[in-house]
Amino acid sequence: MALRHAVLAALLDGEFSGYELAKSFDIGVANFWHASPQQLYAELAKLEKDGLVEGRQVVQETRPNKRLFQVTDAGRAELEAFAAAPPKSSVIRDDLLVKVQTADRIGIEPVIGQLEARAVAADAKIELLGKVLRKMRGDLDEEEYLLRGERIGGYLTGLRGIAFEQGHRDWCRRSAAILRERRKTRAEG
């Protein structure tokens, strides 16, 4: 997936400024796609040049003017083609895994600390995604929302984000515990 598809997908929800898009990414899209605000602004410019989004200037009296972007028919067609194409295999690229890979040879203290910190960060992300999902479904329980909810795509990706973070948190905690136990066993032996 290219950043262009993630931006186009986010813009399906309406008209956004670059700033609003960046906030949307931080909450709703960051669990499966990361982009800095600078990357988002550059991508919006490319998408507009390619005719996949259109922007309009909004004059504001008390703030600087802003540009709002929305998906064009060509942008929707691009997303439809993307959705119909076979998905690429997922890959993991995580520097923490490289550090764990070296734990037997380099030293484990910093790695244990980083595993524990990552588990805490995962808990925070789980809590944030849970709040987003609760807000999305309002008064409906989850099963009712999954059957009748208005915006199911974002909800389903949020559920995937929670599952990912839970698995990652559990792996980090288990790995840290194993490394601590190995350190203790070696010290006693």
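**Salt bridges and a helix crossing**

A: D123 has a relative accessibility of 28%, so D123 counts as partly exposed. Please keep in mind that this is a predicted model.

Q: Which residue forms a salt bridge with D123?
A: R169 does, and the closest N and O atoms of the two are 3.0 Å apart. The pair links distant parts of the chain: D123 belongs to helix α7, R169 to helix α9 (residues 152-188), and they are 46 residues apart.

Q: Is R169 buried or exposed?
A: R169 is buried, because its relative accessible area of 17% falls under the 20% cut-off.

Q: Which residues are joined with D123 and R169 into one network?
A: D170 and R173 are joined with them, through salt bridges that share partners.

Q: How many salt bridges are there in total?
A: The count comes to 17.

Q: What about R118, what is its partner?
A: R118 forms a salt bridge with D95, and their closest N and O atoms are 3.8 Å apart.

Q: How accessible are R118 and D95?
A: R118 is partly exposed, at 26% relative accessible area. D95 is also partly exposed, at 48%.

Q: Which residue does R67 meet in a salt bridge?
A: The side chain of R67 meets that of E48, at 2.4 Å from N to O. This pair also links distant parts of the chain, with R67 in strand β3 (residues 66-71) and E48 in helix α3 (residues 37-49), 19 residues apart. R67 is partly exposed at 29% relative accessibility, and E48 is partly exposed at 28%.

Q: Changing topic: at what angle do α1 and α4 cross?
A: The axes of helix α1 (residues 3-11) and helix α4 (residues 73-84) cross at roughly 120° and come within 10 Å. That angle makes α1 oblique to α4.

Q: Is the crossing left-handed or right-handed?
A: α1 passes α4 in a left-handed crossing.

Q: Which residues meet there?
A: From α1 there are R4, H5, L8 and A9, and they meet G75, E78, L79 and F82 in α4. By class, the contact has 4 nonpolar, 2 polar and 2 charged residues.

Terms used
Residues numbered from 1 in each chain as written. Predicted model: local features only at pLDDT ≥ 70, side-chain atom pairs only at ≥ 80, totals over all residues. Heavy atoms only, no water. Axes fitted to C-alpha atoms, helices over the stretch in contact; angles between N-to-C directions. Helix = DSSP H or I, 4+ residues; strand = E, 2+ residues; numbered from the N terminus. Parallel < 35°, antiparallel > 145°, perpendicular 65-115°, else oblique. Left-handed = near helix turned anticlockwise from the far one by under 90°. Contact = heavy atoms within 4.5 Å. Nonpolar A, V, L, I, M, F, W, Y, C, P; charged D, E, K, R; others polar. Salt bridge = Lys/Arg side-chain N within 4 Å of Asp/Glu carboxyl O. Buried < 20%, exposed > 50% of the residue type's maximum accessible area, 1.4 Å probe, protein only.
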